[in-house]
Amino acid sequence: MAKPLLSVAGLEAGYGDIQVLWGVDLEVAEGDIVCLVGSNGAGKTTLLKTISGLVKPSAGSVRFAGEELAGSGPGAILGAGIAQVPEGRRLFRTMSVRDNLLMGAYLRKPSDPSVGEDLDRVMQMFPRLAERARQDAGTLSGGEQQMCAIGRGIMSRPKLLMIDELSLGLAPRAVELLSESLLEINRAGTTVLLIEQDVLTALEIASRGYVLDRGRVLMSGPSAVLAEAPEVREAYIGA
Amino acid sequence: MTRVLPVVLVIALVAALPLLGDNYLLRLGTMGAMYAVMALSWNVIGGFAGYPSFATAAFFGLGAYTGAILQGAGVYMPLAWVAACLAAALFAGLLGLAILHLKGHYFAIASLVVAEVLLEITTSWTSLTGGGMGLNLPILRISVDAQARLFFWAMLALASLTLAMNWIVANHRLGFGLRCIRQNEDASGMVGINTTLYKVIAFILSAVFVGGAGALYASWVFYIEPPDVFATLTSVKPIVMALLGGAGTVLGPVIGAVLFLVMEELVWRNLLEIHAAALGILIVILIFFLPGGVLGLFKRRRKPAAPSRPLASAEAGR
């Protein structure tokens, strides 16, 4: 196994008096795709938000590329190389698709020629976005919005891309397309941490998986092993 | 630049109003400029950032009392005005840190009670503020006409400053970030906008000139009392004006302020008995039929021409 790019240890976090994460340990190796599965309320989104700095951890560490990030703000963490594609896409609805993508490069100087290069790259990857570049993001279909959100995520040139609910509410065809794009992004050198409701899809894309339950890691291992584990099959696949 | 020139011309024309020599017109002009200061200030936090602030009255009253107390202590009048701006800005910074994490209605209510709290404090702190009896300011030893001109020009200058501030913010990285926050605050944080910092700056900008307007107002009318300068209506009117003209635009709040003033004056003159009701109905109708404000009529179908606009505008601020 390659050296871990992201390693989370004993992470605790919550909202106000309600603690959600109770000591989560997790490692993501460089170049890997890791998925995070678990039922509603297991703390998947909270874990992602804590890694990306939107939620402040109360204990534990988040080490990324040898740097301690726990407690830093979202801007600093994004600058360190972690981008998040939030659940429900969270686009700037009345801004054009192109502007939404450019927002992903907000931390770079606008005059930087690399911004234009990255924009071309995203447009090549998602030709649908190129067709609709001038349209308001709110007018896109669900699948296109997810493309736009992922595109915005990779516009920040992240080392680690975290995606919350890739397939939620999307047509099977769109999910297939997005999964392929994700594999392509990964082959180009971006490590991926993925939350997914559809456990089968998730374990198919990812090489390793973590099962989260009530704020703790229940089990972890290679996807193939998890997919065969009776606990997972019983709880999430229904077979 | 072609869009700035007409605005400067209009301001210059308005500044020549004293040539007509009518003190009634000058009083209206001073009120209009004061309304413009308040509407433009609210526009930064409410229009650009989308945070419905009801704190205008708090900043106004705080500025009025800061100016009045300092002038009473013998501070030179313009210095007292500047001090009132700074006091309001400092207060807004601290208040913003405390309540800007609230959203929507919760933020509105929190900002609304601030003026009430300040009203109570000013009313009870008799030794400093004169309490419920109010506070008299030193009389200026110049003619009534000269006073009318002085305060008109001072208020107009303050309004021009506030307008310039709005224009700079709108074309700066800050304004772009605030518009992103209005559309989606979570996503703004995720792409690296420092949302807390931006919101606090916007809140301070929405206070600084209102504090100055409060102090000018105190110097202008020579006498202030708590219910007068901390009135809830002072918080509501700027919102109505900004919505009338077009919230989130630079010129909209000014147009709204003038429109509001004219309506207020006409309705009040012609329908003395029921003027509050008539004005209210008129405003509801206008906002109902002009959701984008007066300016919304002109740019309904206009799309950004240059596709790289946000980057260009962000760069302009560097």
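1. In chain A of this predicted model, β9(A) and β10(A) form a hairpin with 2 residues between them, and Arg214(A) in the turn has a positive phi of about 45°. Strand β9 (residues 208-213) and strand β10 (residues 216-222) of chain A pair in the antiparallel sense over 6 bridges, where pairing requires that DSSP finds at least two bridges between two strands. Strands here are DSSP runs of E with at least two residues, helices are runs of H or I with at least four residues, and both are numbered from the N terminus.

2. On conventions, residues are numbered from 1 along each chain as its sequence is written, while chains are lettered from A and ligands numbered from 1 in the order in which they are written. As the model is predicted, local features need pLDDT of at least 70 and side-chain atom pairs count only at pLDDT 80 or more, whereas totals for chains, interfaces and linings use all residues.

3. Strand β8 (residues 191-195) of chain A is largely enclosed by the rest of the structure, because 5 of its 5 residues are buried; a residue is buried if 20 or more other C-beta atoms lie within 10 Å of its own, exposed if 12 or fewer, and partly exposed in between, with C-beta atoms placed from the backbone. In a regular strand the side chains alternate between the two faces of the sheet. Both faces of β8(A) are covered, with Thr191(A), Leu193(A) and Ile195(A) buried on one side and Val192(A) and Leu194(A) buried on the other.

4. Strand β3 (residues 33-37) of chain A runs parallel to β8(A) and is joined to it by 4 bridges, with Leu36(A) partnered by Ile195(A). Strand β7 (residues 160-164) of chain A also pairs with β8(A) in the parallel sense, over 5 bridges, and here Ile163(A) has Leu194(A) as its bridge partner.

5. An open sheet of 4 strands in chain A, with antiparallel pairing, has the order β2-β1-β4-β5. Its edge strands, each pairing on one side only, are β2 (18-29) and β5 (67-68) of chain A. Strand β4 (residues 57-64) of chain A pairs with β5(A) in the antiparallel sense over 2 bridges, and Phe64(A) stands opposite Glu67(A) in β5(A).

6. From C-alpha to C-alpha, Gln124(A) and Leu11(A) are 38 Å apart in space, and they are 113 residues apart in sequence.

7. For chain B, the secondary structure comes to 16 helices and 2 strands. Its C-alpha trace spans about 60 × 45 × 40 Å along its principal axes, and 47% of its 318 residues count as buried.

8. At the interface, 16 residues of chain B are in contact with 25 residues of chain A, contact meaning that the C-beta atoms of two residues, placed from the backbone, lie within 7 Å. The elements α8 (173-183), α9 (185-190) and α16 (309-316) of chain B each supply at least two residues of the side of chain B that touches chain A.
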